[in-house]
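Subject: Handover of a structure and the findings from it

Dear colleague,

Please find below the structure that I am passing on to you. After it I set out what was found, beginning with the overall architecture and then turning to individual residues.

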Amino acid sequence: MSLAFGVLLLALAVMLGGMAALFRHRSEGAMSALRTFALVGAASIALLHLLPEALGEIGWFALIAAVAGFLAPAVLERAVIGEAGPHRTPTTALAMGYAAVLAHQFGEGAAVASLSRVGQLTLPVVLALAAHTVPLAMVVAIQVLEVRAGTGGKGAMSAALAGIALATVIGAFATRLVDAEHLEAVEPWLLSAVAGLLLHALSHEAVASGPATTVSRAGEAMGGLLGLVLATIGIDEEEWVQQIPFQLQIAALVVLAGLILLRSYGPRRSPERPH
């Protein structure tokens, strides 16, 4: 996949998040399915594609880079927002949160561009990142609409989302400052870090939250199963997969599908209350 198309998909994901914010009272079911799709897609791609390849090249050191990629977004959020983030005024909280989102999208753009330069950028990877971007952009858009309620809300929301898309593009082109030889040398470390970044999304939605209807639960199950199917495309070509007996491969897929259904139809945790 070309870098331009990958960045375009991420930019479209930002726009979709804005549209979901405008129609959020009508799109709760669709967003629930999208979150599950992003969760399963991100975890599957990280664990089935990126991390195994990195482990094959640099061994267990790949786990160090994966942990760094996993923790980086949380550390960045804590550094930018601080522990008192939830207690700030709405305008200040929005500004701090927006800065963290810009940094997050810059990192995603850089990750996509880096994967493209080493020939590892695929549609499943981009779709997993894009699906994670939609709810992120939606949250920013909702916060802007609430802060600017009354006048200029939609205009301010459009400007905020444009900034998020621009941060993604800048992050993608920033990698051009690194020459191909150095990029190839750090490729396995890069793959591990991106795997950790994808797994970071899983940590927020591992257990479904909030009330659910029959339709929303079915949507979550379909979104999760679709994410699993998308992530397994081409996995049979991976060397490590070929060493696993076919019966065991099928059993693993059945277990994963069962976990997806359990998350969709099982107990749900209570949503976090704002402070």
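Helices here are DSSP runs of H or I with at least four residues, strands are runs of E with at least two, and both are numbered from the N terminus. On that basis the chain has eleven helices and zero strands. Please note that this is a predicted model.

Overall architecture

Followed along the sequence, the elements give the pattern α-α-α-α-α-α-α-α-α-α-α. The chain has 275 residues, of which 44% are buried. Its accessible surface comes to about 14,500 Å², and carbon and sulfur atoms account for 69% of that area. Among contacts between residues at least 6 apart in sequence, 87% join residues at least 24 apart.

Helix H1 contains 20 residues and reaches 29 Å from its first C-alpha to its last, close to the 28 Å expected at 1.5 Å a residue. Helix H5 contains 25 residues and reaches 36 Å between its end C-alpha atoms, close to the expected 36 Å. H5 is mostly covered, with 18 of its 25 residues buried. In H1 the buried residues include Leu3, Val7, Leu10, Val14 and Gly17.

In soluble globular proteins, nonpolar side chains tend to be buried together. In this model, the largest nonpolar core has 32 residues, and Leu50, Val194 and Leu198 touch the most other members. Two or more residues of this core come from each of helix H1 (3-22), helix H2 (28-58), helix H3 (61-81), H4, helix H5 (123-147) and helix H8 (187-205). The greatest contribution is that of H2, with seven residues. Leaving out residues up to four places away in sequence, Leu50 touches Ile45, Leu191, Val194, Ala195 and Leu198. A second, separate core of 15 residues includes Val14, Val101, Ile142 and Leu161.

Individual buried positions

Gln105 is found in helix H4 (residues 90-117). Buried means under 20% relative accessible area, and Gln105 counts as buried because its value is 0%. Apart from neighbours within four places in sequence, Gln105 is in contact with Thr133, Leu136, Ile164, Ala167 and Thr168.

Ala62, in helix H3, also counts as buried, at 0% relative accessibility. Residues up to four places away in sequence aside, Ala62 touches Leu51, Ala54, Leu55 and Ser192. Ala62 lies ten residues from Pro52 in sequence, and their C-alpha atoms are 9.0 Å apart.

His49 belongs to helix H2 and is buried, with a relative accessible area of 15%. The C-alpha atoms of His49 and Gln120 are 9.8 Å apart in space, although the two residues are 71 residues apart in sequence.

Glu187 is found in helix H8 and is buried, with a relative accessible area of 11%. Glu187 and Arg117 are 70 residues apart along the chain, with 9.6 Å between their C-alpha atoms.

Exposed and partly exposed positions

Ala68, like Ala62, is placed in helix H3. Ala68 is partly exposed, however, with a relative accessible area of 46%. The C-alpha atoms of Ala68 and Val194 are separated by 9.6 Å, while the residues are 126 apart along the chain. Val194 was named above among the core residues that touch the most other members.

Where on the surface is there a nonpolar patch? Such a patch is formed by Phe246, Ile250, Leu253, Val254, Val255, Leu256, Leu259 and Leu262, which together have about 740 Å² of accessible area. Leu262 lies in helix H11 (residues 246-265). The cut-off for exposed is over 50%, so Leu262 counts as exposed, at 53% relative accessibility.

In short, this predicted model has eleven helices and zero strands, a largest nonpolar core of 32 residues and a second core of 15 residues, together with the nonpolar surface patch that includes Leu262.

Yours sincerely,

A colleague

Conventions: Residues are numbered from 1 along each chain as its sequence is written. This is a predicted model: local features need pLDDT of at least 70, side-chain atom pairs count only at pLDDT 80 or more; totals for chains, interfaces and linings use all residues. Side-chain values use heavy atoms; hydrogens and water are left out. Buried means under 20% relative accessible area, exposed over 50%, partly exposed in between (1.4 Å probe, protein chains only). Contact means heavy atoms within 4.5 Å. Patches are made of residues with over 30% relative accessible area and no salt bridge: like charges are joined within 9 Å, nonpolar side chains (Val, Leu, Ile, Met, Phe, Trp, Tyr) within 5 Å. Accessible areas come from the Shrake-Rupley method with a 1.4 Å probe; for residues, only the protein chains shown count as cover. A salt bridge is a side-chain nitrogen of Lys or Arg within 4 Å of a carboxyl oxygen of Asp or Glu. A nonpolar core is a set of buried Ala, Val, Leu, Ile, Met, Phe, Trp, Tyr and Cys residues joined through side-chain atoms within 4.5 Å. The expected span of a helix is 1.5 Å times one less than its number of residues.
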